[in-house]
Amino acid sequence: MKTYQETIDFLFAQLPYYQKNGAAAYKANLENSLVLDHHFKHPHQSYPSIHVAGTNGKGSISHMIASIFQSNGYKTGLYTSPHLKSFRERIKVNGECIDENYVVEFVDSCEEILSKLKPSFFELTVAMALKYFKDTQVDIAIIEVGMGGRLDSTNIIQPILSIISNISFDHTQFLGNTLPAIAYEKAGIIKPNTPVVVGEYHPETAPVFVNKAIESNSSLVFADQVFEIPYLLQTPEERISGTILKNGETYFNHFECDLQGGYQKKNIQTVACAIDYLKATYPFETEKIKAGLANTASITGLNGRWQTIHRNPRVICDTAHNPAGIREVFNQISQTPYKHLHLILGFVNDKALPTILAMLPTDATYYFTEARIPRAMKKELLQAEAKSYGIDGELFQNVEIAYADALDHASPEDLIFIGGSTFIVAEIL
């Protein structure tokens, strides 16, 4: 039998992996996932699940809900992607990463079907997660969509609740280049007679969700039409805090959350809406809901969301990587005090670079780099494109060298931001 490291090396080397191979790893159907599900005897039917899709925020929402369930005493499975440092981060039970021996034994046990089916890395990983949650006897599993929804490998589950955070432009080569087209793919997770929460109402995409819900006989609520957080405060302990209103009335008079960033307001509204529905089935205690929200990052191990990794100068990293996510991050930067801004950026080669570059300030110091993956945008291309937007920056072989240089040049009152890609953040963490 292989060692754990040999098993992981095999998975990355032998199976098509989207983060490495891009379009070659994308399967526009559920056939392999259904075959794997049959092979493993439909493990997801053994426990209730919540399915979370959306362009931005779905990871934070998944972690918050998992943390709330765990804080209320439920054994909670959590499947998310991609991972930042370790493959095992993708599959957790009560915040603990999947056991190395389980990964080894699972892959070893399905050698025959692997050679026959040749699934993608993601297809096999989803199958592993669903079976692991059955074998560990979870009370509930929170399953985050990888890309899109309708054709995503996770879409074989029959959840008790579907959640769609928001719709904006990302992965347009697969999901379509209009908001309604992207919404159609995300709406594919809406199942018959299964309630759905959509985080944000948008006039272009709302009809897509309404029509799909009617067709599926599913109740639908837009979270931001019911729940509101009028303000967010920053606490001395580096948490965000505020009050949640439901239909204008106080729902939670005070909450805190250890996930930083003003953009979490929308995600927390969506989570509040989901929990409001779920509490009819799961008798949550209000104080334990608040505890789960307050300690999400520490309970579930979520990293890379407006995360401070150094002080004097303050260094923040964030995994936002599409125009809508980048816009939220730079809104947050604009509200953050600093003397001078240093930006360490790298992107993957399928992002809407002109749209992103048009948002960036011209008075910052730029450090252009690239992640160690084949899909990384060449730093020279990034530098050339940025120049046409009045942005000058130096080139660095990798993010670690860029970071060291930024620290050398920054004063204690400066702000250094690292981002543009999940993989840039993964390498700096």
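Reader: Why is strand β11 largely enclosed by the rest of the structure?
Author: This is a predicted model, in which local features need pLDDT of at least 70, side-chain atom pairs count only at pLDDT 80 or more, and totals for chains, interfaces and linings use all residues. Residues are numbered from 1 along each chain as its sequence is written, and side-chain values use heavy atoms, with hydrogens and water left out. A strand here is a DSSP run of E with at least two residues, numbered from the N terminus, and buried means under 20% relative accessible area with a 1.4 Å probe, protein chains only. Strand β11, residues 240-246, is largely enclosed because the buried residues number six of its seven.

Reader: Which residue of β12 is the bridge partner of Leu-245?
Author: Strands β11 and β12 (residues 249-257) pair in the antiparallel sense over six bridges, where pairing requires that DSSP finds at least two bridges between two strands. The two strands form a hairpin with two residues between them, and Asn-247 in its turn has a positive phi of about 50 degrees. Within β12, the bridge partner of Leu-245 is Thr-250.

Reader: Which residue stands opposite Gly-242 of β11?
Author: Strand β10 (residues 232-234) also pairs with β11 in the antiparallel sense, over three bridges. Their hairpin has five residues between the strands, and Glu-238 takes a positive phi near 60 degrees there. Opposite Gly-242 stands Leu-232.

Reader: Which residue of β16 stands opposite Leu-343?
Author: Strand β15 (residues 341-345) and strand β16 (residues 365-368) run parallel and are joined by four bridges. In β16, the residue opposite Leu-343 is Tyr-366.

Technical notes:
Buried means under 20% relative accessible area, exposed over 50%, partly exposed in between (1.4 Å probe, protein chains only).
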